[in-house]
Amino acid sequence: MISLHVRKTPTKRTPGTMRKPLLLCSRIFTAILFLIALAQPQSPLRAADSKSTAASGGVGVVSTTQPSFDGTTWWNYVKILAADNMEGRETGSPGLHKAQEYVVEQLKRAGLEPVGSKSYYQPIRFESRQIVEKESSLALMHNGQVEPLTLGEDAIFSTRVDLAPVVDAPLVFAGYGLTIPELGHNDLADLNLRDKVVVIFAGAPAEIPGALASHYQSAGERWKALHKAGAVGVITILNPAAMDIPWSRISANRAHPSMALKGAEFDETTGEELAVTFNPEKAQKLFEGSGHTLQELIDLVKDRKPLPRFPLIPTIRAKASVNKKTVESANLVAELQGSDPKLKNEYVVLSAHLDHLGVGEPINGDRIYNGAMDNASGSAVLLDVIASLKKSPKKLKRSLLFVFVTGEEKGLLGSRYFTTHPTVKPGSMIANINIDMFLPIVPLKVLTVYGLGESDLGDMAREVAQSLGVQVQADPEPQRNAFIRSDQYNFIRHGVPALAMGVGFEKGSPEQEIFKNWRTQRYHAPSDDLDQPVDLAAAGKYEEIIHRLMVRAADAPGRPQWKPDSFFRRYAPMASGLY
Ligand SMILES: [Zn+2]
């Protein structure tokens, strides 16, 4: 059928007399398909559907020097990386290792070198932590009266921090718990937090600009201020207006191990003895007797309004038993050397996380969390771009660095390790384009660029996208904190201008609903698998943008710079090391 003609290029056949007529036939066919596709309105397609390639806008553009992407080769990579036999690619698992072996094979095939001609693997050691619930408990104490909390229903422990075996402490409600010196904003002012556990809502008030709000909500930054104020723990009430997945799913996987990088240099939560995530529907019990109700606070949080701050009546008693073990995993790093004698010492970095959640609690009988969009899709873009580079004879001035990180789902750990211990010379990475769950589930008309206004890289992305007829917008949902929720953030913290991009939607459009439903139903669920609607044309166009942006950054005379008014410019000196 249609897709077979487009997909099966003659390259897989033995060269022979049939080759040219077949190619010609296929080209004519492609041109006809392209015209048909133009005449049809684009709609999300089931990728497995034979009609998929008909809507691939890129197929009509054939050039010998410029690769063009139609989404089919991309989807072929996704199919391999997100197959059931990769077992959800959890950090440290045989499934992830298998996926890594496949990636390494592709790197070799494309002629990419390991950096410094060593291994492609950058090994990393993690501490895995798993809560033992039958030996753990949480309770609120009211004047000696014990009110036990039900783990899983009321609240869950977060093992991202090194939990103390026992914590007995008074509670204080500190609003959003944010300290932002640049704005003179301090939710901790006038509160006595010494030896107390702080109760906060996830989120930030609307008046705080997105980048600042995101940065100071990161676990490390938030804890820095709380620790300084004397707090010993944090209870975070999830923000019902910004929850990507329902409480039932968060709770279902609470026994899944979390991980931390081994080594004191990576510990950002020293002194945090207790970390608990609270179900917003059950949080009223924290506020009993305080003169405030949960509903009153939720109404404010929903509209991103400032919150009151006040001491709470009950105290918390926590007992935590945690199983710890050492886990090993690795980032994969490969380079394609540039051609300019001087500029080849600089790198444009493309990154994507290969890890996902592994095998977990079953939902509708399925326990493999395949992570097709999150983030086989991004890793597949890297592989597809890598394969296209081999075909393209044009040499770029700067070198390209491809990094497939591990441990993203465990808290951006692989990228943290890589940016702290880069395998290339410090200061040689001039730009990072990170790809994580770019969601080609609707036609690509609007591209959301995270970090759009922060550096020249944002301007480049805008120009490239517009040249392909795609509009660009900054993050339309800053309350979701997407900017700090993937690996680009670690590059940013090391001074490297970085951005991430995803297929976007206009506010209030039907597409917004599609994205919302995707997050509720498939995000971090086993149904983020190969059996979901995907728009191949959108994926192809996205790859085209990534490819052009990468080429532009690699061939530009100068490095991209942070904008003078960018908050993240403060990290720039870290990236200007001599090399
Ligand atoms: Zn994820």
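Guide: One definition comes first: a residue is called buried when its relative accessible area is under 20%, exposed when that area is over 50%, and partly exposed in between. Please keep in mind throughout that this is a predicted model.

Visitor: Are Glu409 and His524 buried or exposed?

Guide: The two residues sit in separate loops, Glu409 between β19 (399-405) and α11 (413-420), and His524 between α14 and β24 (533-534). They are 115 residues apart, and the pair links distant parts of the chain. On the accessibility scale, both Glu409 and His524 are buried.

Visitor: Which residues coordinate the zinc ion?

Guide: The donor atoms lie at 1.9 to 2.4 Å from the zinc ion, and Glu409 is listed with two OE donors, while the other entries are an OD atom and an NE2 atom. Along the sequence the donor residues follow the spacing D-x34-E-x114-H.

Visitor: Which residue does a cis peptide bond join to Asp374?

Guide: With omega at about 0 degrees, the bond joins Asp374 to Asn375.

Visitor: What is the C-alpha to C-alpha separation of Gly371 and Arg89?

Guide: Gly371 is placed in the loop between β18 (366-369) and α10 (372-391), and its relative accessibility of 0% is why Gly371 counts as buried. Gly371 and Arg89 are 282 residues apart in sequence, yet in space their C-alpha atoms are separated by 8.2 Å.

Visitor: How many degrees is phi of Glu87, a residue other than glycine?

Guide: Glu87 lies in the loop between α3 (72-81) and α4 (94-109), and because its relative accessibility is 38%, Glu87 counts as partly exposed. Gly358 is 271 residues away from Glu87 in sequence and 5.7 Å away in space, C-alpha to C-alpha. Phi of Glu87 has a positive value, near 50 degrees.

Visitor: What is the volume of the largest cavity?

Guide: A search of the whole structure finds two cavities of 30 Å³ or more. The lining of the largest cavity includes Gly203, Ala204, Arg304 and Gln479, and by class that lining has four nonpolar, six polar and one charged residues. The space in the largest cavity comes to about 60 Å³.

Visitor: And what volume does the second largest cavity have?

Guide: Its lining consists of Tyr176, Gly203, Ala204, Asn239, Val301, Arg304 and Gln479. By class, these divide into three nonpolar, three polar and one charged residues. The volume of the second largest cavity is about 40 Å³.

Visitor: What phi does Arg304 have?

Guide: Arg304 is among the residues that line the largest cavity, and Arg304 also lines the second largest cavity. Its place is in the loop between α9 (294-302) and β14 (310-319), and Arg304 counts as partly exposed because its relative accessibility is 22%. Although Arg304 is not a glycine, its phi is positive, at about 55 degrees.

Visitor: Which residue's backbone oxygen does the side chain of Ser509 reach?

Guide: Ser509 is located in the loop between β23 (498-503) and α14 (510-521). With a relative accessible area of 16%, Ser509 falls under the cut-off and is therefore buried. At 2.6 Å, its side chain reaches the backbone oxygen of Glu506.

Visitor: Finally, how far apart are the C-alpha atoms of Gly291 and Phe310?

Guide: Gly291 is in the loop between α8 (284-287) and α9, and since its relative accessibility is 71%, Gly291 counts as exposed. Gly291 and Phe310 are 19 residues apart along the chain, and their C-alpha atoms are separated by 9.5 Å.

Terms used
Residues are numbered from 1 along each chain as its sequence is written. This is a predicted model: local features need pLDDT of at least 70, side-chain atom pairs count only at pLDDT 80 or more; totals for chains, interfaces and linings use all residues. Side-chain values use heavy atoms; hydrogens and water are left out. Helices (H or I, at least four residues) and strands (E, at least two) are DSSP runs, numbered from the N terminus. Buried means under 20% relative accessible area, exposed over 50%, partly exposed in between (1.4 Å probe, protein chains only). A polar contact is a pair of N or O atoms within 3.5 Å; within protein, one must be able to donate a hydrogen and the other to accept it, and residues adjacent in sequence count only if both atoms are side-chain atoms. On a 1 Å grid over the protein atoms alone, a cavity is a set of points where a 1.4 Å probe fits but cannot get out, and a pocket is an open set with protein on both sides within 12 Å along at least five of seven lines; lining residues have an atom within 4 Å of a point. Grid points are joined across faces, edges and corners, and a volume is the space filled by probe spheres set on the points. Ala, Val, Leu, Ile, Met, Phe, Trp, Tyr, Cys and Pro count as nonpolar, Asp, Glu, Lys and Arg as charged, and the others, Gly among them, as polar. Donors are N, O and S atoms within 2.8 Å of the metal (3.2 Å for Na, K and Ca); water is not among the atoms, so sites may look incomplete.
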